[in-house]
Amino acid sequence: MEFTITKLILITLLTAGTALLSHYGRAVFHDGLRPIMPEFIEGRMNRGEMSSVAFGLSVGFIASIGISFTLSTGLLNPWLLFLPTDILGVFAGSAWLAGLLGAGWGIAVVVGLTGVQAALTVFPVDFIGALGELSSPVLAGFALFPVLAIIYQFGWRKGIIAGSLVLLVRTIIEQGLLPESLNLLPEAGQLFIGTILLVIFALSKDRKDRIDNGETEVEEGESIFVERTRRLYKGLPFFAAVGALVAIVSNLQYFAGSEVSVFTLHDAYTTEDAAEANALIQQAALSDLLRAIGFIPLIATTALTTGVFGVVGLTFVFPVGYLMPNPVLAGIAGALILSLEVLMLSRLGKVMERFPSLREASDNIRTSISTVMEIALLVGSVLAVLEMGSVTGFTIFALLYLFNEATGRPVIRLAAYPLAAIGTGVILNILYFLQLFTPGG
C-alpha cells in the first residue's frame with residue numbers, strides 16, 4: 001500500500017460517508033446486520049445494544065478477511081473499510097460524531113496499514129511476495145462456480161453438459177482460435193458461458209412450470225416489496241456520494257470490491273505487460289459483475305423489507321470503477337449506478353417474484369462462490385507457504401489451520417487460509433532470527 005495524500009483524502013471521505021449512512025439507518029454493509037436494523041430505527045433497540053450487535057457480527061470479518069486480504073494484496077477492501085463504519089455509525093450519538101469517527105477510521109487504515117505493510121517487506125523471508133501465489137488458483141477456481149451452481153440446482157446431468165461446454169470454450173481460447181481482437185482470458189470465457197447456461201436452465205424451468213400449471217402469462221400485480229422503499233429515497237444524496245467515491249478509489253487502484261476480484265486486480269496492477277493488465281482488469285470486472293448478480297436477491301429483498309440498503313448498493317459500482325477510463329468518469333458513473341439501484345428496487349422485487357428459479361439460482365451462486373473460493377484459497381495458500389519455507393512452511397501452515405478447525409473454527413475458512421499463510425511467514429521469520437530456519441535451505 002503506497003501512501004498518498006489523494007488516497008488519504010478519498011478514503012477518509014468514503015468512510016465518513018458510509019458511517020453517516022449507518023448512523024441514519026439508511027444502509028449498512030453487513031448482510032446479517034441489515035434485518036436487525038429496523039429494531040433500532042423503530043425504537044425497539046437502543047443505540048448501545050445495536051452497536052454491540054454490530055460489533056459482535058463484524059469483528060471477526062474485520063480481523064480476518066479485511067486485514068488478511070489487504071496485507072496479501074496491498075488493496076483495501078469492503079470488510080476492512082465498511083464493517084467498522086457500520087459499528088461506528090450506529091454507535092455515534094450524532095451525525096457529526098458519526099462522520100468524524102468514520103473519517104478517523106479511514107485515516108487509521110491508510111496510515112496504519114501502509115506502515116505495517118512497508119515493515120513486513122523488510123523481513124528476510126519474503127512472505128508478502130510469496131502471497132502472490134494466492135491469485136492463480138483463485139482466478140482459475142472462481143471461473144468454475146457456474147458449473148457447480150448448475151449441479152446444485154439442476155442435477156449432475158446438466159452439470160456434465162455445462163462442464164463439457166466450459167472446458168471446450170477454455171480449449172478454444174487457449175488454442176488461439178478466437179479473433180485476437182477479443183483479448184479474452186480463458187477464465188472469462190468459462191464464466192460467461194457457464195453463467196449463460198445457468199440463466200437458460202433457470203428460465204426454461206420457470207417457463208415449463210408455468211405451462212404445467214396452466215398459466216399463459218405472468219401477472220404483474222403489486223409487488224410485496226414496496227412499503228419501505230420511500231425512506232431509502234431520502235438517502236439518495238449520500239448514496240450518490242458514496243457510489244462516486246467507491247468508483248473513484250476502485251479506478252485509482254486503491255480498492256478491490258470482493259474476494260473474487262482482489263487477487264486478480266493485484267496481478268493486474270503489478271504486471272508490467274499492459275495487455276495482460278487490461279485483460280486481468282476485465283476479468284476482475286466480469287467476476288464482480290457476476291458476483292453482484294448472485295447477490296441481488298439477498299441485498300434487494302432485505303432492503304425492500306427493512307428499508308435498509310447496502311452501503312455499496314448491489315455492488316455493480318465495483319466493476320464500473322475498474323473499467324472507467326479515468327477517475328472523473330468513474331465518479332459520475334458510480335453516483336448514477338448507486339442512485340439508479342435505489343430507485344429501481346421495487347422493480348427488482350417484481351422480477352424476483354416472477355422468476356423464482358432465477359432467485360433460487362442466485363442462492364446457489366452464493367453457495368458455489370463460497371465453495372470454490374475456499375478450495376482456491378486453500379490451494380493458493382499452500383503454494384505460498386511452500387514458496388516461503390518448503391516443507392517447514394507447509395508444516396507451520398497445517399498446524400495453524402488444524403488449530404483453527406479443532407477450536408471450532410473461530411476464523412471462517414475463507415479468511416483462515418490467507419491468515420494462516422501470513423502467520424506462517426511471521427513464524428518463519430522468527431525462526432530465522434533464532435537461527436532455526438534458513439530461506440531456501
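1. Start with the largest pocket: 29 residues line it, and Asp31, Phe61, Trp79, Arg291 and Phe295 lie nearest its centre. A pocket here is found on a 1 Å grid over the protein atoms alone, as an open set of points where a 1.4 Å probe fits, with protein on both sides within 12 Å along at least five of seven lines; lining residues have an atom within 4 Å of a point. Keep in mind that this is a predicted model, where local features need pLDDT of at least 70 and side-chain atom pairs count only at pLDDT 80 or more, while totals for chains, interfaces and linings use all residues. Numbering runs from 1 along each chain as its sequence is written, and side-chain values use heavy atoms, with hydrogens and water left out.

2. The volume of the largest pocket is about 600 Å³, taken as the space filled by probe spheres set on grid points that are joined across faces, edges and corners. Its lining divides into 14 nonpolar, eight polar and seven charged residues. Nonpolar covers Ala, Val, Leu, Ile, Met, Phe, Trp, Tyr, Cys and Pro; charged covers Asp, Glu, Lys and Arg; the others, Gly among them, are polar.

3. Now for α3 and α4, which pack at about 165 degrees with axes 8 Å apart. Axes are lines fitted to C-alpha atoms, for helices over the stretch in contact, and angles run from 0 to 180 degrees between N-to-C directions. The two helices are therefore roughly antiparallel (over 145 degrees; under 35 is roughly parallel, 65 to 115 roughly perpendicular, the rest oblique). Their contact residues are 15 nonpolar, five polar and one charged.

4. Helix α14 (residues 274-306) packs on α17 (residues 345-354) at about 120 degrees, axes 10 Å apart, which makes α14 oblique to α17. Contact means heavy atoms within 4.5 Å, and among the residues meeting here are Ile296 and Pro297 in α14 and Leu345 and Met352 in α17. What is the make-up of this contact of α14 with α17? Eight nonpolar, three polar and no charged residues.

5. Finally, α8 (residues 145-154) and α18 pack at about 125 degrees, with their axes 8 Å apart; α8 is thus oblique to α18. Phe145, Leu148, Ala149, Tyr152 and Gln153 are the α8 residues that meet α18.

How values were computed: Helices (H or I, at least four residues) and strands (E, at least two) are DSSP runs, numbered from the N terminus.
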